[in-house]
Amino acid sequence: MTAIASKQGSMDAGAQYATALGLIAKSDCRSCHSVTEKLLGPSFTQVGLKYKGEPGATDKLAKKIIQGGEGVWGHAQMPAHPTLADADAKAIVKYVLSLGYPAPKAKSLPVAGIYTPIVPEGNNKDGSFILRAAYTDRGANGVAAQTSESMLVLTAPTLPAHKAIEGDGVDVNIERTITKATGAWLRFTKIDLSDIGQIQLQTGARDRSANISTVELHAGSRQGKLLGTYSGMANPGDVNIDIPAGQGITELYFVFSGAPMRISAVKFIETK
């Protein structure tokens, strides 16, 4: 791919910890905590520094978020959040703990050229490459310098179901997404299907039932072009849906009917 860049900035937490930041925004966390300043409770950065490198810190702090507690940072009470899923609490904790370490600096690239991404070793199947191109002019005739920026995110071929940009009739957390009723749907934005010939839903166990589950794939909208369909028993395993070649970049909608399905991820498989 060609990557054009000038004055690359640091990779911000908004990209790497988007799920955690979304959970924090929807909760009452900001009532007692800020990123850098102590409020009723310690700042997120103070917590990150205190537990930096401590074995088991993620499990310990996630449990405290869910169950509540007091005494570590004075007499302020940490309210319980019993309805918060364990996986969601751990996502928040991982973001908070990351603040105990210096933010990584993104490597700048030339203004023009070729860049070949290299996947780091380890568990990176859900990772992303973030390419940011920015340009600031010099200004002229009393007009201040103007800056323009564009960002390209290249995601892994397997997307966790909770990364759908929008949905309805679904119960979502980090570990799995459950369709709850006929008419439920999920939307993934700006999906490049240029070389994709098959889309795979990775499913888990569901309620014991003889009922059939149906999935339709639509491009552009829930009533848009039908790319493919599956109808059958949603047993644990993979549901494969073939799609026609050459679809390009589109908004991809999964529309569900029939028996509920438990979906952990969506995998995009290249044409052989």
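Leu21 is partly exposed, at 24% relative accessibility. That value is not under 20%, so Leu21 does not count as buried. The model that holds this residue is a predicted one. Leu21 sits in helix α2. Its C-alpha lies 9.1 Å from the C-alpha of Ala91, although 70 residues separate Leu21 and Ala91 in sequence.

The protein has 272 residues, and 35% of them are buried. It contains 5 helices and 13 strands. Take the contacts between residues at least 6 apart in sequence: 66% of these join residues at least 24 apart. The protein exposes about 16200 Å². Carbon and sulfur atoms supply 54% of that area.

Now back to the helices. Two packed helices are described by the angle between their axes and the distance between the axes. Helix α2 covers residues 18-26, and it packs against α5 at an angle of about 110°. The axes of α2 and α5 are 8 Å apart. Angles of 65 to 115 degrees count as roughly perpendicular, so α2 and α5 are roughly perpendicular to each other.

Helix α4 spans residues 57-67, and α5 spans residues 86-98. How do α4 and α5 pack, by angle and by distance between their axes? The angle is about 120°, and the axes are 8 Å apart. α4 and α5 are therefore oblique to each other. The crossing of α4 past α5 is right-handed. From α4, the contact draws on Ala57, Thr58, Asp59, Leu61, Ala62, Ile65 and Ile66. From α5, it draws on Asp86, Ala89, Lys90, Ile92, Val93, Lys94 and Leu97. By class, this contact has 9 nonpolar, 1 polar and 4 charged residues.

Glu54 lies in the loop between α3 (44-50) and α4. Is Glu54 buried, partly exposed or exposed? With a relative accessible area of 34%, Glu54 is partly exposed. Its C-alpha is 9.9 Å from that of Leu97, a residue 43 places away along the chain.

Next, the strands. Strands β1 (128-136) and β2 (147-155) have a loop between them, and Asn141 is in that loop. Asn141 is exposed, with a relative accessible area of 83%. Its backbone deserves a look. Most residues other than glycine have a negative phi. Asn141 is not a glycine, yet its phi is positive, at about 55°.

Phi of Lys190 is near 50°, and Lys190 is not a glycine either. Lys190 lies in strand β7, while Asn141 is in a loop. Lys190 is exposed, since its relative accessible area of 67% is over 50%.

Ala181 is partly exposed, with a relative accessible area of 43%. Which residues does Ala181 touch, leaving aside those up to four places away in sequence? They are Gly169 and Phe256.

The last stop is strand β8, which covers residues 196-204 and includes Gln202. Gln202 is partly exposed, with a relative accessible area of 21%. Setting aside residues up to four places away in sequence, Gln202 touches Thr158, Gly237, Asp238, Arg262, Ile263, Ser264, Ala265 and Lys267. The C-alpha of Gln202 is 8.8 Å from that of Asn240, 38 residues away along the chain.

Note on methods: Residues numbered from 1 in each chain as written. Predicted model: local features only at pLDDT ≥ 70, side-chain atom pairs only at ≥ 80, totals over all residues. Heavy atoms only, no water. Helix = DSSP H or I, 4+ residues; strand = E, 2+ residues; numbered from the N terminus. Buried < 20%, exposed > 50% of the residue type's maximum accessible area, 1.4 Å probe, protein only. Contact = heavy atoms within 4.5 Å. Areas by Shrake-Rupley, 256 points an atom, 1.4 Å probe, with all protein chains shown as cover. Axes fitted to C-alpha atoms, helices over the stretch in contact; angles between N-to-C directions. Parallel < 35°, antiparallel > 145°, perpendicular 65-115°, else oblique. Left-handed = near helix turned anticlockwise from the far one by under 90°. Nonpolar A, V, L, I, M, F, W, Y, C, P; charged D, E, K, R; others polar.
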